Amino acid sequence: MWFSNTKRLFMRLLSVLLLMWSMTAAAHTHLTASVPADNAMLMKAPEALSLTYSAEVIMLNVTVTDSKGKKVPFGFKPVTKATSEFNWTLPTLKPDTYVVNWTIVGKDGHKVQKEYSFMVH
């Protein structure tokens, strides 16, 4: 009987902790829109890079690299002011596959780093 009650209490506590963890994980800021879009196949090179987030963030880093890993210079500079939208003018991109890698810090203090790719034909 004692073991059964302890096991039941443990399972309830575990359930509450998992619920709290999932709510925290879901609360992290995420990318809601990008131009070019993830997995976009473009017939014309994009003129700009635009990233929009679900909440205000501080942008720590953004890189655009080609299929050989060469960075595309586009004038990124880290910012200290939080905002939810970021825009940069891109140089003329040649036909290739590109990876956009970004690192932000959300208002919750969590650092998030992700990437996506697009192709120019």
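The model is predicted: local features need pLDDT of at least 70, side-chain atom pairs count only at pLDDT 80 or more, and totals for chains, interfaces and linings use all residues. Residues are numbered from 1 along each chain as its sequence is written, and side-chain values use heavy atoms, with hydrogens and water left out.

**Stop 1: the ring cluster**

Select Tyr53, Phe74, Phe76, Phe86, Trp88 and Trp102. Ring pairs link these residues into a cluster. Rings of Phe, Tyr and Trp (its six-membered ring) pair if their centres lie within 6.5 Å. Planes under 30 degrees apart count as stacked, over 60 as edge-to-face and the rest as tilted. A search of the whole structure finds 6 aromatic pairs.

Zoom in on Phe74 and Trp88. This pair is edge-to-face, with 5.8 Å from centre to centre and 80° between the planes. Phe74 sits in the loop between β3 (48-65) and β4 (83-89) and Trp88 in strand β4, so the pair ties together parts that are 14 residues apart in sequence. Strands here are DSSP runs (E, at least two residues), numbered from the N terminus.

Now colour by accessibility. Buried means under 20% relative accessible area, exposed over 50%, and partly exposed in between (1.4 Å probe, protein chains only). Phe74 and Trp88 are both buried. Trp88 has a relative accessible area of 12%. Phe86, at 7%, also counts as buried.

**Stop 2: Glu56**

Move to Glu56, in strand β3. Is Glu56 buried, partly exposed or exposed? Its relative accessibility is 37%, so Glu56 counts as partly exposed.

Show the surroundings of Glu56. Leaving out residues up to four places away in sequence, Glu56 touches Ala82, Thr83, Ser84, Gly106 and Lys107. Contact here means heavy atoms within 4.5 Å. Draw a C-alpha distance from Glu56 to Thr83: 4.3 Å, for residues 27 apart along the chain.

**Stop 3: the salt bridges**

How many salt bridges does the structure hold? There are 2. The term means a side-chain nitrogen of Lys or Arg within 4 Å of a carboxyl oxygen of Asp or Glu.

Lys107 counts as exposed, at 65% relative accessibility.

Then select Glu47 and Lys44. These two form a salt bridge, with the closest N and O atoms 3.7 Å apart. Both Glu47 and Lys44 are exposed.

**Stop 4: the strands around β5**

Switch to cartoon and show β3 with β5. They pair in the antiparallel sense over 8 bridges. Strands count as paired if DSSP finds at least two bridges between them. Pick Thr65: it stands opposite Val99 in β5.

Next, bring in β6. β5 and β6 run antiparallel and are joined by 10 bridges. Which residue in β6 is the bridge partner of Thr103? Select Gln113.

Finish at the hairpin of β5 and β6. There are 4 residues between the strands. One to pick is Gly109, which takes a positive phi near 90°.
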